[in-house]
Structure formats: structure tokens, C-alpha cells
Amino acid sequence: MASNQTSLNDAKFALPINDVEQQATLEIETEDFDYSKRAQWLRAAVLGANDGLVSTASLMMGVGAVKQDIKVMILTGFAGLVAGACSMAIGEFVSVHSQLDIELAQMKREKERRNNGRKEEQEEGASKESLPNPLQAAAASALAFSVGALVPLLAASFIRGYKVRLGVVVAAVTMALMIFGWLGAVLGKAPAVRSSLRVLVGGWLAMAITFGLTKLIGSSGL
């Protein structure tokens with residue numbers, strides 16, 4: 001009799017332990033999922049900022065190849081920032097909205113195939129919570145692009161000397177490229193040094209090609 005009571009007590013205490021283990025497992029899975037989702041958003045933001053940095057800096061270097069006036073260079077960079085941010089936002093909005101339409105259509109087809117009552121409504125509510133938000137994606141893309149584009153703009157805003165201004169822009173962009181390359185590598189779990197160098201060389205090439213071709217066309221009188 002005593003052994004039966006002991007086994008019953010063990011069984012009673014085993015149930016809460018199992019519940020705690022299951023709850024801990026669910027919490028770990030939720031944390032992993034949330035981290036993965038945040039990492040994807042952060043990586044997309046880093047790529048958007050890198051795009052704004054390279055395109056705006058290349059545009060400013062291209063205009064700086066034929067115009068030494070600081071006002072022209074700053075206005076060109078600002079126009080590039082606004083145009084690029086709007087372009088990124090519109091493109092992201094259209095892309096994510098297309099993805100949203102596809103997922104909603106898929107959910108509608110699955111709903112027509114299944115008629116499980118309340119359980120289905122709960123599954124549908126959970127699925128809608130995970131759907132992409134086009135406005136949020138557009139705003140995040142435009143903001144990331146603008147942050148990157150501000151680096152060469154701020155670097156050139158307070159330098160009057162032409163050659164010094166170009167050097168400061170190149171130095172600031174170089175440092176920002178290294179940082180963005182490192183962040184992208186960390187979020188993508190890639191080799192940090194190799195990824196940073198790849199981003200850096202790509203940015204240098206973009207600025208050099210834009211500067212060289214604009215200089216060539218400007219000197220030829222076209």
C-alpha cells in the first residue's frame with residue numbers, strides 16, 4: 001500500500017515537471033524564431049543602408065568630377081537621397097504587396113478545402129498575424145537607404161576645399177562600407193573579413209567608375 005502511494009505521488013510530481021519542460025521548449029523555439037525573424041529584418045536594413053551609401057556617394061563623386069562647387073555636390077547628393085529612398089520604398093511596397101496577395105490567395109484556397117470550424121478560424125488568425133506588412137517594409141527600406149545616404153552628405157557638408165572634400169567623402173564612405181560589410185557578415189553568419197573587403201572593393205569600384213566616366217564625358221565637352 002505504501003509503495004502504491006509513493007508511485008502515485010511520483011506520478012503527480014512528474015506531470016508538472018513535464019509541463020515545465022514543454023513550456024521551456026516552446027519558449028526556446030519562440031526565441032529562436034523571433035531572433036531569426038529579427039536577423040532577416042536587420043540584414044535587409046544593412047543592405048538598404050549600403051545601397052544608399054554607395055549610390056549617393058558615387059553620384060556625388062561623379063558630379064564632383066566636373067563641378068567643384070560644394071553647393072552643387074550637396075544638392076546632387078540630397079536629390080539622390082530623396083529619389084533613392086522613394087524608389088526603394090515604392091519598389092519594396094509593390095514587391096511585398098505582391099507577396100501578400102499571393103499568401104492571401106493561398107490561405108483562401110486552403111480555407112475552401114478545409115471546413116474545420118473554430119479550429120480553422122484560430123489557424124487563420126495566427127496565419128494573418130505572420131503576413132508581411134507592405135507599408136512597414138516600405139518605410140523600413142526608405143529609412144535604411146536614407147541612413148546610408150546621409151554618410152557622404154554629412155562628410156561633404158562642412159568641407160570647403162575641393163580636394164579635401166573628395167578625400168573626406170572617400171574616407172567616410174570607406175569606414176561606413178567596412179562597418180556595413182561587417183554587420184552583414186555577422187547577421188548572415190559569413191566570414192567577416194572577406195565580406196567586409198568584398199563590400200569595400202565594390203563601393204570603391206562604383207565610386208571610381210562613376211568619377212572616371214563623368215570626368216571623361218565632362219572633359220570631352222559632350
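Residues 24 or more positions apart account for 77% of the contacts in the chain with a separation of 6 or more. The model is predicted.

Reader: How many helices and how many strands does the secondary structure of the chain come to?

Author: The chain has six helices and zero strands. Read from the N terminus, the order of elements is α-α-α-α-α-α.

Reader: How should I describe two packed helices?

Author: Two packed helices are described by the angle between their axes and by the distance between those axes. Here, helix α2 (residues 70-113) packs with helix α4 (residues 134-157) at an angle of about 165°, and their axes are 7 Å apart. Angles over 145 degrees count as roughly antiparallel, and therefore α2 is roughly antiparallel to α4. Their crossing is right-handed.

Reader: Which classes of residue make up the contact of α2 with α4?

Author: That contact has 20 nonpolar residues, seven polar residues and one charged residue.

Reader: What share of the residues of the chain count as buried?

Author: Of the 222 residues in the chain, 28% count as buried.

Reader: Which residues have the most contacts inside the largest nonpolar core?

Author: They are Leu53, Val169, Val173, Leu177 and Phe180, in a core of 27 residues. Two or more residues of this core come from each of α1 (2-64), α2, α4, α5 (162-188) and α6 (192-219).

Reader: With which residues is Val173 in contact, leaving aside its neighbours within four places in sequence?

Author: Beyond those neighbours, Val173 is in contact with Leu53, Ala57, Pro152 and Met207.

Terms used. Residues numbered from 1 in each chain as written. Predicted model: local features only at pLDDT ≥ 70, side-chain atom pairs only at ≥ 80, totals over all residues. Heavy atoms only, no water. Axes fitted to C-alpha atoms, helices over the stretch in contact; angles between N-to-C directions. Helix = DSSP H or I, 4+ residues; strand = E, 2+ residues; numbered from the N terminus. Parallel < 35°, antiparallel > 145°, perpendicular 65-115°, else oblique. Left-handed = near helix turned anticlockwise from the far one by under 90°. Nonpolar A, V, L, I, M, F, W, Y, C, P; charged D, E, K, R; others polar. Core = buried A, V, L, I, M, F, W, Y, C linked by side-chain atoms within 4.5 Å. Buried < 20%, exposed > 50% of the residue type's maximum accessible area, 1.4 Å probe, protein only. Contact = heavy atoms within 4.5 Å.
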